[in-house]
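Please read it beside the sequence and the coordinates.

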Amino acid sequence: MIKQDFLLVQIEELAKKIAKLLKKKETPGSDTETLADDCYKDIHLSLQEVQNATAEELTEKVPDWELLELLVKLMLADDRINTDRQQIEKAQQLLYFVQERDRTYSFDRIALAESIRSLLTE
């Protein structure tokens with residue numbers, strides 16, 4: 001139970017950082033790259049690892065589906081990743097993995113899948 005509570009606290013803190021990243025992204029002239037890099041570090045990854053690893057390798061490095069879902073959100077918020085079609089497809093594969101792990105219905109995940117789909121059709 002203690003390990004699970006610790007993980008939830010980590011996930012909550014990472015979610016707060018992603019929210020800050022999204023807020024800063026809307027503010028012109030803000031430095032979102034360093035905040036995104038901090039979020040990657042919290043998941044024990046780097047931008048290069050996220051960009052170079054396959055979806056399967058990322059699922060091995062980040063075995064918790066909750067953190068993978070946050071990683072997908074982070075990938076979509078990071079302009080260095082969300083402009084590359086291959087990276088968006090990787091985020092989509094990670095989201096499919098999350099959906100397989102957690103079978104509960106999530107409006108947030110549906111919206112996330114829709115945003116990925118719209119990025120891929122542009």
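The notes below are grouped by topic. The model is predicted, so local features need pLDDT of at least 70 and side-chain atom pairs count only at pLDDT 80 or more, while totals for chains, interfaces and linings use all residues. Residues are numbered from 1 along each chain as its sequence is written, and side-chain values use heavy atoms, with hydrogens and water left out.

**Salt bridges**

- The count comes to 8 salt bridges, a salt bridge being a side-chain nitrogen of Lys or Arg within 4 Å of a carboxyl oxygen of Asp or Glu.
- Aspartate 37 and arginine 80 meet through their side chains in a salt bridge of 2.9 Å, N to O; the pair links distant parts of the chain, 43 residues apart, with aspartate 37 in helix α2 and arginine 80 in the loop between α5 (65-77) and α6 (85-101).
- Helices here are DSSP runs (H or I, at least four residues), numbered from the N terminus.
- Asp37 and Arg80 also belong, together with Asp78, to a network of salt bridges.
- A salt bridge of 2.6 Å, N to O, joins the side chains of lysine 73 and aspartate 108; because lysine 73 lies in helix α5 and aspartate 108 in helix α7, this pair ties together parts that are 35 residues apart in sequence.

**Largest pocket**

- The largest pocket holds about 220 Å³ of space, the volume being the space filled by probe spheres set on grid points joined across faces, edges and corners.
- A pocket is an open set of points on a 1 Å grid over the protein atoms alone, where a 1.4 Å probe fits, with protein on both sides within 12 Å along at least five of seven lines; lining residues have an atom within 4 Å of a point.
- Its lining consists of 12 residues, and Gln10, Asp42, Ile43, His44 and Leu67 lie nearest the centre.
- Helix α1 (residues 2-26) gives the most to this lining, with 4 residues.

**Exposed residues**

- Histidine 44, found in the loop between α2 (32-42) and α3 (47-52), has a positive phi of about 65° although it is not a glycine.
- Most residues other than glycine have a negative phi.
- Histidine 44 counts as exposed because its relative accessibility is 68%, where exposed means over 50% relative accessible area with a 1.4 Å probe and protein chains only.
- Phenylalanine 107, placed in helix α7 (residues 107-121), is likewise exposed, at 65% relative accessibility.

Technical notes. Helix = DSSP H or I, 4+ residues; strand = E, 2+ residues; numbered from the N terminus. Buried < 20%, exposed > 50% of the residue type's maximum accessible area, 1.4 Å probe, protein only.
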